[in-house]
Amino acid sequence: MHYAQVILPLNLAGSFTYKVPDELLDEIQLGMRVLVQFGGKKIYTGIVWDLHQNKPETFVPKDIINILDQQPILPVQQIEFWNWLSDYYLCNLGEIYRFAFPSSLKLESETYLKLKPNAVVDFQNLDVNEMYLIQALEVRQLINLTDIEAFIPKKDIIKTINSLIDLQYIEIDEQVAEKYRAKEVAYVRIKDEVLKNFELTEILSQLKRAPKQKDLFLAILDKQTENPDSLIKKSELFDDGFFAHSHIKSLIDKNWVEEYFLQKDRIDYYDGDTEDLEELTSAQKQALVLVDEAFSENKNVLLHGVTSSGKTHIYLEKIEECINEGRNVLFLLPEIALTKQITKRLEKKYGSALGFYHQKLTDFERVEVWRKVKNDELKILIGTRNALFLPYQNLGLIIVDEEHDSAYRPREVSPFFNAKDAAQILGQKYNANVILGSATPSVESYFAARKDKLQYVFLGERFGKVDLPKFELINFKEAQDSKNVSGDFSFHLLENIRQNLEHKNQTIVLHNRRGYANVVECESCGYVNYCSNCDVVMTYHKYSNEMKCHYCGQRASKPKICPKCHSENLNERGVGVEQIHEELQKLFPEAEVDRMDVDSMRKKFAYEKLYEKIEDRETDIIVGTQMISKGLDFDDIELVAIPRADSLMYVQDFRAEERAYQLMTQVSGRAGRVSGQGKVLIQTYNPQNRVFELIQRNDIQGIYEYFLTERKKFHYPPFTKLIMIELKHRREDKVNRASQFLGSILGKYLPEDCILGPEPASIARLNNMYQFQILLKLPRGKNYLVFKDYIRKSFEEFEEITAYRSIRKHVFVDF
């Protein structure tokens, strides 16, 4: 007997054993999709993870129903990669499968109803809903639960089904439906036999009384005669509104014109002219030599290039080499929407050999990209973190651009992993080279390079030897004391903006806080508007005149009077980007001031439109959140202003200073990219802050040494390993008991000083779920691996308690 270990798209630990039927034995391979039954009659698409002959001793395994693939859909390298992810990030393989595959490649059964064979229905004893359902099944044979909602009220559906099942009139049938459908485009042409056997005058004579049909026939004939190889798209015939669908239908019915369909990609690939690579500068050539030396020694590279130093040129050189060697490239980006310029350059160079893969694609579009990668039709794939899971056949190079970006390790979607670290492991599996690139590398990557785990390559000069922007600190406390301020701006900062406008240059103003005001407060009783789902104060958005929760999305009208004391004395506290935008419009009425944040960029093509406005110099001042630190590479931006820099620093996170440095440095890189006259004004109450001083001096090595010293002093990464365990439930008392119980289990295995908590999370309730956290600070090295095994054992003991199975448990490794 032969057996297969199969993983399912469910958040369950491990794989499941199924028997391989004899008729499938010669076909089945690792990485293939198979249909299996799980949990009663439910049918799922599983992936074959292992094949063996070890008969289970405690249960009789079910048979695999069928194999869905002729060849493995998942390469061996991906299987090894998934195993590493599951082991390192303490997540289930089912979680990875659910995240990695497009939904249309994970077939699942739907609950269908059908009439029982030979059932004799007595309609006199049925109510109205039961009669409707029986009559529908007589017509359609199979109906799923979603379709039933069209003619039976939702509240009566289950009652109706159960009643008919009890009467033995209907039964449940689990059917698997292929979700993916190829996109087809309709084309038309005049039939060959018509052109050969009919006289044109005869056809036109028959169409004498149908002038529209006659004109349409001649239009098709004209296109077909002009270029016999051209395709006539049916939809294009109706573009000018002169012809209708009825006209083409009549020609088809007369058997003179035929309609046919061709498959078409849902994604339009670039098919314009391609361009050659630009010549490298001497500094870039030196950096390229170091990259080549590292690759020859099988070492990955940390490319630390100051803003506008031309890291992309080095990427392009290595991409060209890789493709010439017959191998493929994965280019990872933190956010696909903010990378217009780099994608334009790659499109012009590589045309249709370039593909994209990210969450904004539809599911069918993702399937098409998946299949192109599987068939080795794409040479370069640009994507976000989910692009790591595509079935690459011959991966030779992985580039992780902006490797420091927090978008590579989000905490909203499981499995929770850091794409930067995962990319290096994927590179090992494929024997591919990896470049991590950034103007502000993460402290962990910098430390790894210092320990010689990565080859450190530094590009210290801007492209064209343009000077780096100059930083200036403005003491806002002194400006307030001397009354040299207007709202949130010092006179000195406003004067710089005014001069920049006079020189016809553009200005960026960074304020990383959404909304208009942080809170609306009653001056009489102190009441503030809390979100009903979360323990957070709702933010006021003046543009839409509503209160919003930035965690669960709840909205409410702005109160006109205090709900508690009925006072009308309500004031807005705190400053959001909308308020900064409004202030600047009033201070510079002659200037065009635009805003770039999540709220203003929600409409389709909003980012592209603003991008074009900046490029065409139709905007003078761009106010925004961290979005403006990426992708805005324009010649005329000369000034960057950060009016409330302190708000970036004082956040409850040990990485707050690092992220503030990265954000300020990244946004400063937008200034003076051509002129070398860029200027950055940092307005702060505390200009003596060590980070501000080091940024002003542009002391890159000094700032990383400062971060490492602070991390070592307080036992934070990269000197320790952090694991955050988060437990969630709707009942506070239950999740509190569960967290205490898990903490006590961990305490049996781990040293006491390694465990912090359990404690309520900094935001104790989100989306009506109470949150408790346990932070584990573990030593690096061999002990860490031992402790990690103890953590797994603790989780197994915790999950044995039936009462706690409803508790949601999230584990963040290296968070």
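This is a predicted model: local features need pLDDT of at least 70, side-chain atom pairs count only at pLDDT 80 or more; totals for chains, interfaces and linings use all residues.
Residues are numbered from 1 along each chain as its sequence is written, and side-chain values use heavy atoms, without hydrogens and water. Local features need pLDDT of at least 70 and side-chain atom pairs count only at pLDDT 80 or more, while totals for chains, interfaces and linings use all residues.

Me: How many salt bridges does the structure hold?
Reply: A salt bridge is a side-chain nitrogen of Lys or Arg within 4 Å of a carboxyl oxygen of Asp or Glu. Some are linked in a network, which joins Arg514, Glu546, Lys548, Arg555 and Asp599. For the whole structure the number of salt bridges is 46.

Me: How many residues apart in sequence are the parts that Lys114 and Glu171 tie together?
Reply: The side chains of Lys114 and Glu171 meet in a salt bridge, 3.6 Å from N to O. Lys114 lies in strand 6 (residues 109–115) and Glu171 in strand 8 (residues 170–176), so the parts tied together are separated in sequence by 57 residues. Strands (E, at least two residues) and helices (H or I, at least four) are DSSP runs, numbered from the N terminus.

Me: Is Asp594 buried or exposed?
Reply: Asp594 forms a salt bridge with Lys613, with the closest N and O atoms 3.1 Å apart. Asp594 is in strand 28 (residues 593–596) and Lys613 in helix 19 (residues 606–615). Buried means under 20% relative accessible area, exposed over 50%, and partly exposed in between (1.4 Å probe, protein chains only). Lys613, at 23%, counts as partly exposed, whereas Asp594 has a relative accessible area of 13% and is therefore buried.

Me: Which residues have the most contacts inside the largest nonpolar core?
Reply: A nonpolar core is a set of buried Ala, Val, Leu, Ile, Met, Phe, Trp, Tyr and Cys residues joined through side-chain atoms within 4.5 Å. The largest one has 79 residues. Contact means heavy atoms within 4.5 Å, and the residues with the most contacts inside this core are Trp82 and Leu388.

Me: Which residue in strand 4 stands opposite Val6?
Reply: Two strands pair if DSSP finds at least two bridges between them. Strand 1 (residues 3–7) and strand 4 run antiparallel and are joined by 5 bridges. Strand 4 (residues 43–52) is mostly covered, with 8 of its 10 residues buried. Opposite Val6 in this strand stands Val48.

Me: What kind of aromatic pair do Phe16 and Phe38 form?
Reply: Rings of Phe, Tyr and Trp (its six-membered ring) pair if their centres lie within 6.5 Å; planes under 30 degrees apart count as stacked, over 60 as edge-to-face and the rest as tilted. A search of the whole structure finds 38 aromatic pairs. The ring centres of Phe16 and Phe38 are 5.0 Å apart and the planes are at 65 degrees, so the pair is edge-to-face.

Me: Where does Phe331 lie?
Reply: Tyr315 and Phe331 form an edge-to-face pair, with 5.5 Å from centre to centre and 90 degrees between the planes. Both Tyr315 and Phe331 are buried. Tyr315 lies in helix 11 (residues 311–324), while Phe331 lies in strand 13 (residues 328–332).

Me: Over the ring of which residue does the charged end of Lys212 sit?
Reply: A charge sits over a ring if NZ of Lys or CZ of Arg is within 6 Å of the ring centre and within 35 degrees of the ring normal. The charged end of Lys212 is 3.5 Å from the centre of the ring, which belongs to Phe242.
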